[in-house]
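User: Could you take a close look at one part of this model for me, the contact between the two chains? I'd be glad of one connected account.

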Amino acid sequence: MIAALELTANHYLVLAAVLFTIGAVGLLIRRNVLVMFMCVELMLNAANLTFVTFARELDDVGGQAIVFFTLVVAAAEVAVGLAIIVAIFRRRRGATADDVHLLKG
Amino acid sequence: MEFGIFVVFAALALAGSLTVVLGHNPVHCALGLVLALVSVAVFFLQQDAQLLAAVQVIVYAGAVVVLFLFVIMLLGVDREETLHEPIRYQRPAALALGAIVLAEVLFLAGRTWATGTPSARGPLEEDAGYNNIETVARTLFTDFLWPFEITAALLVIAVVGGVVLARRSGQPAELVDEGDAATGESGTNAGSSPSERAPAGGPALSRMAPPAASERDTEAAS
């Protein structure tokens, strides 16, 4: 029964859309900075899945190359972002994003 | 078979991402992130992106999530977060916004609009002699050579920036040494309070203000 169904690019695109939305909603409703960061990673991954799907659909290697760069940028983002989180934690003992709503030196 | 794999790993990816969003413990969130990322790696494999699947597992599920877990353990943030909302109705608004985004993106993704020139950057599957790694590498080192080099610079900058940001800048001895080298007088009043230190001015002393404030915070907290 399952084998009769055909797997098309739309399946991947819809799944990527759902993953992106879950990440976006999580970014908005969570207050823990680390979890918000993880939601950003989730959104980046959904975008990557879309890139790979279209690379396959259009038979274009450029999509996969872009995903490669996205992975690198995400890794750099994690390095800097986690360092910022560690620095914030050192200043004030809180993990919520609302603690840092004032821009103070 | 292929569809069955897709269904199983789509369910796993959704379960993992929902764990990230809804989990109470940040460690559970990180593990849900691993589940979602590995599932996406399986989709990469299904779509002839073997190199990216390997990179995804190594970089994301390996390095990035381990870094997350490391920070969670280091900071000890595995406790409940507050349900206090500073902005009223933000969570319902976020859910409504998410529903709108979902409907919009599903509307766009649910139909076949794969427009664009096929193989504009080069075909994904060249002759039978090339595998995926060789194809992607050929593109990376010819068409994308300049972005590739910039990426190297980006990584170096990110690593240096991360070290600078996460360095324990509150150590008094190190800062006093820097102040001595720059002004030659701050060593005498290094142990005094920030309010006394502030009027002395100087570029090196302005750098010392945040660590002094952090010392004060920790003293007040203890």
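Predicted model: local features only at pLDDT ≥ 70, side-chain atom pairs only at ≥ 80, totals over all residues.

Residues are numbered from 1 along each chain as its sequence is written, chains are lettered from A and ligands numbered from 1 in the order in which they are written, and side-chain values use heavy atoms, with hydrogens and water left out.

Let's begin with chain A. Of its 105 residues, 57% are buried (under 20% relative accessible area; exposed is over 50%, partly exposed in between, with a 1.4 Å probe and protein chains only). Helix α1 of chain A, residues 9-29, has 21 residues. Because 15 of those 21 residues are buried, α1(A) is largely enclosed by the rest of the structure.

Now to the contact itself. It takes 91 residues from chain B and 73 residues from chain A (contact means heavy atoms within 4.5 Å). Together the chains bury about 7400 Å², 74% of it on carbon and sulfur atoms (buried area is the accessible area, 1.4 Å probe, that two parts lose on being put together, summed over both). On the chain B side, Phe3(B), Gln47(B) and Phe68(B) lose the most area to chain A, together 10% of what that side buries.

The count between the chains is 1 salt bridge (a side-chain nitrogen of Lys or Arg within 4 Å of a carboxyl oxygen of Asp or Glu). Asp48(B) and Arg56(A) meet in a salt bridge, 2.4 Å from N to O. Asp48(B) sits in the loop between α2 (26-46) and α3 (50-75) of chain B, and its phi is near 60°, a positive value in a residue other than glycine. Asp48(B) counts as partly exposed because its relative accessibility is 22%.

Finally, a surface patch. Leu28(A), Leu97(B) and Ile100(B) make a nonpolar patch of about 260 Å². Patches are made of residues with over 30% relative accessible area and no salt bridge, like charges being joined within 9 Å and nonpolar side chains (Val, Leu, Ile, Met, Phe, Trp, Tyr) within 5 Å. Leu97(B) belongs to helix α4 (residues 90-109) of chain B, and is partly exposed with a relative accessible area of 47%.

Methods:
Areas by Shrake-Rupley, 256 points an atom, 1.4 Å probe, with all protein chains shown as cover. Helix = DSSP H or I, 4+ residues; strand = E, 2+ residues; numbered from the N terminus. Expected span 1.5 Å × (residues − 1).
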